[in-house]
Amino acid sequence: MSSVLDLVRDDLRGFTGYSSARSAKLDGEIWLNANESAWANPGDPLASCRRYPDPQPQALRERLATLYDCAPEQLLIGRGSDEVIDLLVRALCVPGRDAVLYTPPVFGMYAVSARLQNAPALEVPLQDSAAGFVPDIDAIITTARQGGAKLVFLCSPSNPAGLSIPLAQVERVAEALRGQALVVVDEAYAEFADTPSATRLLAGHDNVAVLRTLSKAHALAAARIGCVIADSGLIAVLRRCQAPYPVPTPCSALALAGLGEQALQQTRARIATVRSERDRLRMALSLQGHVRKVYASDANFLLVRFIDAEAAFQALLRAGVVVRDQRAAPQLHDALRITVGTPEQNDRVLDALATLEPVT
Ligand code: PMP
């Protein structure tokens, strides 16, 4: 029976990583084992940052595990999901041999991390269908097998394309690539979607991993808190490959405060607002003469094709609105990605685009 641990680089199997002063399970009153200062910094009167932090702050780990419905041992906190993507590539891919598969147009960090590790990149383009951009599941499986993929990144909902991937499709990929590849479902925008989390597949498929982040729906992008949820054995391996103290104390404190019951209630209300604004904006944009197509979105942004994307981009800039230019991305030569803002900000977007010359 294959285990997901077989996918870890051979040379890292017995790797114990850095042994920090924090890893020693000792008890005492006076801690003189980590070369920390005996006094607080004047800028930190409560001395909350005098000592090195717990590498995986227990309270935050438990809170996130409750939020994402997994065991704390199945979850590793990183500096945003960006760090976790990099960690997965480094721990699993032998440079020059094991490939990383992703589905352009898609979030750019999968390609960046693959490049940094000198892991071959396998690109299986999303297909522009009537429903929107969708992954070609058969091509993903075939390409992963033929190209020796060790990691398959599925972005759900996808950035910038917008759609979620049904769990049955994720499961098909995981099933087909068991023993060969870890299927990583990047759920950075999952809070805005209706599709259930791929964490449900973990019990039956140890080659599935899920990425979550507090950067989007939870409005804590600068705190840099993201995580990977996976088989607990794999989590332990990833931890040993990670930096000694990846979670700064002020960041974990902020994250805990941001995940309290009251904060979560507000976050849920904001998600509901984003979803209704997303629908309103999509409808209103579709009626504008300059807009060629607005893709359906399960996330907090809309991908929009324009008759003249440059003119739209400039009109928005003149109104003080900065959106993401997607024109350099494959298949998106005429597209901009617009994040859903407050109702007032969205009105600004609509007003700015309405100033464009009428299409004749
Ligand atoms: N995944 C996707 C799909 C994203 O769009 C982003 C950020 N744009 C990330 C991951 C990285 O998020 P984080 O802030 O957690 O590093």
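Mentor: UniProt positions are given here in the numbering used for this chain, with feature names shortened, and such annotations may be inferred rather than shown by experiment. With that in mind, an unreviewed UniProt entry lists residues 48–353 as "domain: Aminotransferase class I/classII large". Residues are numbered from 1 along each chain as its sequence is written, and side-chain values use heavy atoms, with hydrogens and water left out. The model is predicted, and local features need pLDDT of at least 70 while side-chain atom pairs count only at pLDDT 80 or more, although totals for chains, interfaces and linings use all residues.

Over residues 48–353 the chain is 39% helix and 19% strand, and the end C-alpha atoms of that stretch are 49 Å apart; helices (H or I, at least four residues) and strands (E, at least two) are DSSP runs, numbered from the N terminus.

Turning to the site itself, the ligand is surrounded by 13 residues, the closest being Ser 81, Asp 186, Thr 213, Ser 215 and Arg 224, where a residue counts as near if one of its heavy atoms lies within 4 Å of the molecule. Helix H2 (residues 80–92) gives the largest share of this shell, three residues. Sorted by class, the shell has four nonpolar, five polar and four charged residues, with Ala, Val, Leu, Ile, Met, Phe, Trp, Tyr, Cys and Pro taken as nonpolar, Asp, Glu, Lys and Arg as charged, and the others, Gly among them, as polar.

An N or O atom in the side chain of Thr 213 is 2.6 Å from a ligand oxygen, a polar side-chain atom of Arg 224 lies 2.7 Å from an oxygen of the ligand, and for Tyr 189 the corresponding distance is 2.8 Å. The protein covers 91% of the 400 Å² of accessible area that the ligand has on its own, as computed by the Shrake-Rupley method with a 1.4 Å probe.

Away from the ligand, some backbone details also deserve a look. The peptide bond from Pro 104 to Pro 105 is cis, with omega near 0 degrees, and Pro 105 lies in the loop between strand S2 (99–102) and helix H3 (109–116). The bond from Ser 156 to Pro 157 is likewise cis, with omega near -5 degrees, and Pro 157 is placed in the loop between strand S6 (149–155) and helix H5 (167–176).

Conventions. Polar contact = N/O pair within 3.5 Å; in protein donor to acceptor, adjacent residues only side chain to side chain.
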